Amino acid sequence: MTALRTGVRYLYVPFMMFGLIGAGYFVVAKGHSYLWLAVILLTAIMTAFAAEKVSPWHAEWNESHGDEAANVWHWLVYEMSAIHGVVLIPTITWLFPFQGLWPTQLPLLAQFLIAFFIADFAFSMLHYLSHRWPLLWRLHAVHHGVGRLYGFNGVVRHPLHQSVDMIVGTMPLVILGMPVEIAVLLGLAISITLIVQHSNVSYELGPLKPYLAIGEVHHLHHVNWGAEGDCNFGLLFTHWDRLLGTYQPEPPRRIRPHDMGVDEVPHFPKTFMEQLIFPFVYQPGKGEPERYRAGGKGHPGDATDASGIHPAE
Ligand SMILES: [Zn+2]
């Protein structure tokens, strides 16, 4: 078991980020059916679940939190809307006459790396703004309502927030003429990055640790310690956080398994439908909405920030 755990600690991230995204690159570059990408994505999620059993960060995060059904719905809706986004690409490129700006003369790998780098910037900035603007925070809070981190939680997003992410984060690339195959590969790479970023796997990043926004730096982003989690907004890289001054390499104190969540909403809704409704009943800074207070008890005086800027995360 020790050898297996050591293997997972060192090989999980390279396998996911280079092995599986590399396999996706092979599928696209060789013109194979995109259905293979679904197989790769399933392999990614199954690998994450298996690695979580062998080398968990917190054993408690492997226990059910009553969130599986909602998370499967989130996963299906997330991937379906990603597919819709890709299907829309030919229409968008037809509508916008800027296709010549995308460097289609470069090798496929270079185009993919450029797309990923720009998307990493766009998603990181959108994420930062999602913690600054109350309207976006209402939607993004659904992602932060999770009581644990595990393989599925990367795609727990309100569909409206995902639409904002896709329109603002990737549509500029499409308008510039990003080809469908790069968009498909980018979608796969972002999905796998989100799985790695949120999975409950204790892994080694070696000398790359300061440059990657995965692992414990992202756990710190999910803590329910008021403003202390207002850091580490990066998708994969930490350099945008360094520029923003929001990079926090170490937690100020040990992160415990039950420290995840939104501090002013301790009874965060568990069902998919309630999570869809959540942004419309939640008022940042006004404490937990009445409908979530367990048995009428709860935290009616929890308004910790009257400014309207969310006080959590
Ligand atoms: Zn966040």
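Q: What should I know about the numbering and about the model before I start?
A: Residues count from 1 along each chain, following the sequence as written. The model is predicted, so local features need pLDDT of at least 70 and side-chain atom pairs count only at pLDDT 80 or more, while totals for chains, interfaces and linings use all residues.

Q: How many helices and strands are there in the protein chain?
A: Helices (H or I, at least four residues) and strands (E, at least two) are DSSP runs, numbered from the N terminus. Here you get 10 helices and 0 strands. Reading from the N terminus, the order is α-α-α-α-α-α-α-α-α-α.

Q: What share of the residues is buried?
A: Buried means 20 or more other C-beta atoms within 10 Å of a residue's own, exposed means 12 or fewer, and partly exposed is in between, with C-beta atoms placed from the backbone. By that count, 41% of the 313 residues are buried.

Q: Which residues does Q111 contact, leaving aside its neighbours within four places in sequence?
A: A contact needs C-beta atoms, placed from the backbone, within 7 Å. Q111 sits in helix α4 (residues 108-130) and touches P103, L106 and I182. With 20 C-beta neighbours inside 10 Å, Q111 is buried.

Q: How does the span of helix α7 compare with what is expected?
A: The expected span is 1.5 Å times one less than the number of residues. Helix α7 (residues 180-198) has 19 residues and reaches 27 Å from first C-alpha to last, close to the expected 27 Å. The helix is mostly covered, with 16 of its 19 residues buried.

Q: How do the axes of α2 and α7 cross?
A: Axes are lines fitted to C-alpha atoms, for helices over the stretch in contact, with angles from 0 to 180 degrees between N-to-C directions. Under 35 degrees counts as roughly parallel, over 145 as roughly antiparallel, 65 to 115 as roughly perpendicular, and the rest as oblique. The axes of α2 (residues 35-54) and α7 come within 10 Å and cross at roughly 10 degrees, which makes the two helices roughly parallel.

Q: Which residues in α2 and α7 meet?
A: From α2 come L37, I40, L41, A44, I45 and A48; from α7 come V184, L188, S191, I192 and I195. Ala, Val, Leu, Ile, Met, Phe, Trp, Tyr, Cys and Pro count as nonpolar, Asp, Glu, Lys and Arg as charged, and the others, Gly among them, as polar. This contact has 10 nonpolar residues, 1 polar and no charged. Take L37: it is buried, with 20 other C-beta atoms within 10 Å. Leaving aside neighbours within four places in sequence, L37 contacts G24, V27, V184 and L188.

Q: What is the phi of N232?
A: Most residues other than glycine have a negative phi. N232 is not a glycine, yet its phi is positive, about 55 degrees. You'll find N232 in the loop between α8 (216-221) and α9 (239-244), where it is buried, with 22 other C-beta atoms within 10 Å.

Terms used
Contact = placed C-beta atoms within 7 Å.
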